Amino acid sequence: MKDLVEIRWHGRGGQGAKTAALLLADVAFSTGLYVQGFPEYGPERMGAPITAYNRLSANKIRVHSNIYDPDYVVVVDETLLESVDVTKGLKEDGAIIINTSQRKESLIPLLNGYKGGVYTIDARKISITALGKYFPNSPMLAAIVKVSGVMDDETFLEEMRKSYAHKFASKPEVIEGNMMALSLALEEVR
Amino acid sequence: MASDISKLGLDVKWQDLTLGCTIVGSSTAEEFNTGEWRIDTPKFLKDKCKQCLLCAPACPDSAIPVVNGRRLDFDLDHCKGCGICEKACPFDAILMFKGVK
Amino acid sequence: MAIKERLSGNEAVATAMRQINPDVMPAYPITPSTEIPQYFTSYVSNGQVDTVFIPVESEHSAMSACIGSEAAGARTITATSSCGLALMWEVLNVAASDRLPICLSLVCRALSGPININCDHSDAMGARNTGWIQIFAENNQEAYDNMVQAYRIAEHKDVMLPIMVCQDGFITSHAVENIELLEDDVVKNFVGEYEPDHYLLKDDESIAYGPYAVTNYVMEARRAQLEGLRNAKKVTLEVAKEFEAISGRSYGFFEEYRLEDADLAMVIIGSAAGTAKDAVDALRDHGIKAGILKIRLFRPFPSEEIAEALKNVKYLAIMDRCEDFNGSCGPLGAEVRTALYNKNLHPAVINYCYGLGGRDVTVESLTSVFRDLQKIQETGNNGEFYRYLSVRE
């Protein structure tokens, strides 16, 4: 992992991109990293494009600006590819991860000539398989962990199990489904 | 010091003001000689007074002391000379005089 | 034992409030401070605190209730932002002149208009002359630490003034970052019980608050109030020293970052100071002697100490996160210049208005400020004294 990993999330209001960024900060924190997780706030409502950010580092993080040259971009909603310049500033040695059921070749024309890594994951399929409902958060979180390598799979799954056990203390029945979504996503992102 | 009101007055220094100008204690108005504002002055005619005590509650400034059920002479440190007591008295035991006495 | 956590600035402040366990919290919600009463009311509902929460119908009422509650002898807290603070303005002055050590968590947000929910310091700066102590944070850790120290400063017998604990809206209030918390009992012991000498509900004693002052008293009253505010300097340092003993984190009036041998320096408040430190490190790597003075205590203004810290600086940029509509400078610009003038120090000074309404402040934009100082160094020409940073024109 680099000294500082910067991640930008693109989603639509209500899809949980902000929550996913905060979850990533959470799990990275539990592995001993310094973290930042923050959304860009405005008057956005359900369905409007929103942006959230993560900084992850082995060192204390002091900077408090948005992220303009991210190492990674996560696109939670592929319909944003047509309206938002999601690869803007994205480092060529980094990568973009897109939630889609399409093959990545068909999306590349929408990436403004981006030369770095392009990864896709069908978070909908995974979520429906594992949870029976569409919550793209968990699969996207696993995908960015896998692609960025900010922690290994085992540590990630172990920490997420603890986190879910705490978060879903009152409905433990959803823990296994979420864990399954994470495992599937770790395997299927490509 | 923070609650000592004894130094308050027109010449008080800022160091001697109470904290936030608060006033600790009750009935502190008694320490303020408002009687000096008086223009007219009542006179208590003890011989005519039947101690009916209608005058005391009528006084807006509590300037008619009542002790053991009997009114005493006026408290001229607080009487402002309004004359309400004279009108309240059924026995002409209070007379108002012009000026400060 | 420090507790390592990751919390947003609002969570951090709410946590400190829970640990302080104040007696009363009147509050009215406003973005971006809403989460603070929101978290806090859950502590009330869950029985984690003994606090009486008073829902009110406006911020004016919130501060009025704070005044009544504090005068009654209860340790009182509230939180607000932006227009909420503006609506409190009338009574903020009363809280200070009545010498009531209320604590207000201010999550800084632009004042309208145009209406906007994001960070700048126009709310805090608008209330800078209401007699409150004002203390600012760079990040969630400082917001937490300042909150833990707040009552010790405000309630000190030589001070007895309300305190505003400020952090940057969204930038720190809604950003999750690492933080070290103190244990509940450590905070409880540090803050202690509030034991005022006099208060409305004290047995066998009467007290009147806020009596009318005739002309003859007002100047003396103000002068006495000023003394309390001035005393807050000494107390702030004493409390910081004690806080360091329990936390290992040291605080003063301001933080000097690589300032000792700096030729070029920036005076700045709040979250952008962290970003500025990254800018300074990069400039230092290129042999440029840059430094930062980050204000923590803004009221009372540590004028002499700031001048002393800046005495060797040759080129100075003063950063104001609000437009003061003065025409020639911002509030920090005016006050730092006054501090320098009083000490007969005359570096080249430029004053920037920056970061209004959440305009992002980046390492690059703050580096450009140092570049502007270098330009003055090279040309000897000060240029515009008052400038806007990152404005489209």
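The legends below describe close-up views of a predicted model. Residues are numbered from 1 along each chain as its sequence is written, chains are lettered from A and ligands numbered from 1 in the order in which they are written. Because the model is predicted, local features need pLDDT of at least 70 and side-chain atom pairs count only at pLDDT 80 or more, while totals for chains, interfaces and linings use all residues.

**View 1. The contact between chains A and C.** Two pairs of chains touch, and the most contacts are between chains A and C. Two residues are in contact if their C-beta atoms, placed from the backbone, lie within 7 Å. Chain A brings 16 residues to this contact and chain C brings 20 residues. On the side of chain A that touches chain C, helix H1 (17–30) and strand S2 (34–39) of chain A each supply at least two residues. S2(A) gives the most, with six residues. Helices (H or I, at least four residues) and strands (E, at least two) are DSSP runs, numbered from the N terminus. By class, this side of chain A has nine nonpolar, five polar and two charged residues. Ala, Val, Leu, Ile, Met, Phe, Trp, Tyr, Cys and Pro count as nonpolar, Asp, Glu, Lys and Arg as charged, and the others, Gly among them, as polar.

View 2. S2(A) and strand S8 (residues 176–181) of chain C run antiparallel and are joined by two bridges. Two strands pair if DSSP finds at least two bridges between them. A:Gly37 has C:Val176 as its bridge partner in S8(C).

**View 3. Chain B.** Chain B has two helices and five strands, in the order β-β-α-β-β-α-β from the N terminus on. Its radius of gyration is 17 Å, well over the 13 Å that the globule rule gives for 101 residues, so chain B is more spread out than a compact globule. The radius is taken over C-alpha atoms, and the globule rule is 2.2 Å times the number of residues to the power 0.38. The C-alpha trace of chain B spans about 50 × 30 × 15 Å along its principal axes. No contact joins chain A and chain B, and their closest C-alpha atoms lie 41 Å apart.

**View 4. Confidence along chain A.** The pLDDT (the predictor's confidence in each residue, from 0 to 100) averages 93 in chain A, with 99% of the residues scoring at least 70. Among the elements of chain A, strand S4 (residues 72–75) has the highest mean pLDDT (98) and helix H5 (residues 153–167) the lowest (91).
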